[in-house]
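Subject: Structure handover

Hello,

Here is the structure I promised to pass on. Please open it before you read my notes below.

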Amino acid sequence: MRLIIGLSLYVSANVGGLMLSGHALKGRSGLSMKDLPDLAEQPAVLAGGLLYVISFLLWLYLLSLDAVTVVYPLAIGCAYTGSILCSFLVLNESITAVKVLGLLLVGAGIVLVSIAR
């Protein structure tokens, strides 16, 4: 169950970040403070912000379930995995055999840390 919550946490954070950065920076060379009101009205930016809030709440929930020495390694592993998968699915980046091997090793580490409590 913790693994599913951890994956949900970092998938929501990664997708939220991609939505925020992808739509906020689309067609712009940079952002300034005067751009913030326009960005706050975009549905993708609002959805990305909501996903960040959800990921924070999931993080607090995970910390209430277990020790930081278990939760943090799980979170970092899920963040790495989620970043690669979201980049592949959302940004159409390529995944090489080395990345797949890395994901499998990180996944094995996540499983080992979660059962070695």
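Leu-63 sits in helix H3. Its relative accessibility is 30%, so Leu-63 counts as partly exposed. Leu-63 also belongs to a nonpolar surface patch of about 910 Å². Bear in mind that this is a predicted model.

The patch

Two elements give two or more residues to it: helix H3 (43–65) and helix H4 (68–91). H3 gives the most, with 7 residues.

The chain as a whole

The chain has 117 residues, and 31% of them count as buried. There are 5 helices and 0 strands. Read from the N terminus, the order is α-α-α-α-α. The accessible surface comes to about 7400 Å². Carbon and sulfur atoms hold 72% of that surface. Now take the contacts with a separation of 6 or more: 72% of these join residues 24 or more positions apart.

Helix H3

H3 has 23 residues, which should span 33 Å at 1.5 Å a residue. Its end C-alpha atoms are 33 Å apart, so the two values agree. Which residues of H3 are buried? They are Ala-44, Val-45, Gly-48, Ser-55, Trp-59 and Leu-62.

Take Gly-48, which is found in H3. Its relative accessibility is 0%, and the cut-off for buried is under 20%. Gly-48 therefore counts as buried. The C-alpha atom of Gly-48 lies 8.4 Å from that of Ser-12. Along the chain, Gly-48 and Ser-12 are 36 residues apart.

Helix H4

H4 has 24 residues. From its first C-alpha to its last, H4 reaches 32 Å. That is close to the 34 Å expected at 1.5 Å a residue. The buried residues in H4 are Val-70, Val-71, Leu-74, Ala-75, Gly-77, Cys-78, Ala-79, Thr-81, Gly-82, Ile-84, Cys-86 and Ser-87.

One is Thr-81, placed in H4. Is Thr-81 buried or exposed? It is buried, because its relative accessible area is 14%, and buried means under 20%. Leaving out residues up to four places away in sequence, Thr-81 touches Leu-103, Val-106 and Ile-110.

The other is Phe-88, which also lies in H4. At 39% relative accessibility, Phe-88 counts as partly exposed. Setting aside neighbours within four places in sequence, Phe-88 is in contact with Glu-93 and Ile-95.

Just after H4 comes Asn-92. Asn-92 takes a positive phi of about 60°.

Helix H5

Helix H5 covers residues 97–115. How far should its 19 residues span at 1.5 Å a residue? The answer is 27 Å, and the end C-alpha atoms are 27 Å apart, which agrees.

In H5, Gly-102, Leu-103, Ile-110 and Ser-114 are buried. Seen down the axis of H5, these buried residues fall within an arc of 105°, so they line one face of the helix. An α-helix has 3.6 residues a turn, so residues three or four places apart point the same way. On the other side of H5, Ala-97, Val-98, Leu-104, Leu-105, Leu-112 and Ile-115 are exposed.

Ile-110 is placed in H5. Its relative accessible area is 8%, so Ile-110 counts as buried. Ile-110 is one of the residues that Thr-81 touches. Ile-110 and Val-71 are 39 residues apart in sequence. In space, they are 9.9 Å apart, C-alpha to C-alpha. Val-71 is itself among the buried residues of H4.

In short

- H3 gives the most to the nonpolar patch, with 7 residues.
- The buried residues of H5 line one face, because they fall within an arc of 105° down its axis.
- Thr-81 in H4 touches Leu-103, Val-106 and Ile-110.

Best wishes

How values were computed:
Residues numbered from 1 in each chain as written. Predicted model: local features only at pLDDT ≥ 70, side-chain atom pairs only at ≥ 80, totals over all residues. Heavy atoms only, no water. Patch = residues over 30% accessible without salt bridge, like charges linked within 9 Å, V, L, I, M, F, W, Y side chains within 5 Å. Areas by Shrake-Rupley, 256 points an atom, 1.4 Å probe, with all protein chains shown as cover. Salt bridge = Lys/Arg side-chain N within 4 Å of Asp/Glu carboxyl O. Helix = DSSP H or I, 4+ residues; strand = E, 2+ residues; numbered from the N terminus. Buried < 20%, exposed > 50% of the residue type's maximum accessible area, 1.4 Å probe, protein only. Expected span 1.5 Å × (residues − 1). Contact = heavy atoms within 4.5 Å. Arc of directions from axis to C-beta.
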